[in-house]
Amino acid sequence: CFDISHLSGTIGVGSMVQFRDGTPDKTNYRRFKIKSFEGNDDFRSIAEIVQRRYSRLSQEGKEFPDLIVIDGGIGQLNAAANELKKLSLDLPIISLAKQFEEVYLLDSPDALRLDRKSDALKYLQEIRDEAHRFAINYNRLLRSKKLKDEIQKLNDDKNVRKTAN
């Protein structure tokens with residue numbers, strides 16, 4: 001499952017979590033810095049991280065997932081699917097939109113609304129929420145590092161001015 005996190009378009013990151021046999025497989029979690037642009041564009045961000053993940057798996061001859069889940073709606077789903085198509089990969093992919101917990105499929109014009117109490121929806125939500133948590137934590141980590149670097153730079157500048165006087 002893939003998710004994106006940013007703070008008003010800054011420090012854009014993505015996450016990918018993997019579940020195996022119904023449980024998180026944390027050794028296969030991945031995080032991504034958005035490298036191709038700056039700003040707030042979830043579609044481009046999802047496209048970038050999906051392209052990076054699956055081009056790497058292809059190059060390394062590694063196993064592909066049974067299902068790809070994208071956090072978002074039809075736009076995010078289409079952005080990810082287009083990248084898979086560019087890589088000539090035909091992998092099962094869906095998205096889960098948070099507001100109404102709708103599941104989007106590529107070949108269906110309408111979203112699916114699973115019963116709120118269904119095990120299938122609860123499992124998809126668990127996966128999506130884990131990707132969301134992982135992305136937010138990475139974004140917070142990078143923001144914290146950036147703030148520490150800025151404070152250190154200010155302190156360094158003050159020390160230079162003290163010795164120059």
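Author: What follows takes up the cores, the strand pairs and the pockets in turn. Keep in mind that this is a predicted model.

Reader: Which residues of the largest nonpolar core touch the most other members?

Author: The general idea comes first. In soluble globular proteins, nonpolar side chains tend to be buried together. Here the largest nonpolar core has 21 residues, and Phe-2, Val-50, Tyr-54, Ile-68, Ile-70 and Leu-84 touch the most other members. Two or more residues each come from strand S1 (2-7), helix H1 (42-60), strand S6 (68-71), helix H2 (74-86) and strand S7 (93-97). H1 gives the most, with 5 residues.

Reader: What does Tyr-54 touch, leaving aside residues up to four places away in sequence?

Author: With those set aside, Tyr-54 touches Phe-2, Phe-64, Pro-65, Ile-68, Leu-84, Leu-87, Leu-89 and Leu-91. There is also a second, separate core of 13 residues, and Val-17, Phe-19, Tyr-29 and Ile-127 are among them.

Reader: How many bridges join S8 and strand S9?

Author: S8 pairs with S9 (residues 112-113) over 2 bridges, in the antiparallel sense.

Reader: Now the pockets. What volume does the largest pocket have?

Author: Rolling a probe the size of a water molecule over the atoms shows where empty space is left. The largest pocket has a volume of about 830 Å³. Its lining has 30 residues, and Gln-18, Phe-19, Arg-20, Arg-53 and Pro-65 lie nearest the centre. H1 supplies the largest share of this lining, 6 residues. By class, the lining has 16 nonpolar, 3 polar and 11 charged residues.

Reader: Which residues lie nearest the centre of the second largest pocket?

Author: They are Ile-11, Gly-12, Ile-34, Phe-37 and Glu-38, out of 14 lining residues. The volume of the second largest pocket is about 180 Å³. Strand S2 gives the largest share of its lining, 4 residues. By class, this lining has 5 nonpolar, 7 polar and 2 charged residues.

Technical notes: Residues are numbered from 1 along each chain as its sequence is written. This is a predicted model: local features need pLDDT of at least 70, side-chain atom pairs count only at pLDDT 80 or more; totals for chains, interfaces and linings use all residues. Side-chain values use heavy atoms; hydrogens and water are left out. A nonpolar core is a set of buried Ala, Val, Leu, Ile, Met, Phe, Trp, Tyr and Cys residues joined through side-chain atoms within 4.5 Å. Buried means under 20% relative accessible area, exposed over 50%, partly exposed in between (1.4 Å probe, protein chains only). Contact means heavy atoms within 4.5 Å. Two strands pair if DSSP finds at least two bridges between them. On a 1 Å grid over the protein atoms alone, a cavity is a set of points where a 1.4 Å probe fits but cannot get out, and a pocket is an open set with protein on both sides within 12 Å along at least five of seven lines; lining residues have an atom within 4 Å of a point. Grid points are joined across faces, edges and corners, and a volume is the space filled by probe spheres set on the points. Ala, Val, Leu, Ile, Met, Phe, Trp, Tyr, Cys and Pro count as nonpolar, Asp, Glu, Lys and Arg as charged, and the others, Gly among them, as polar.
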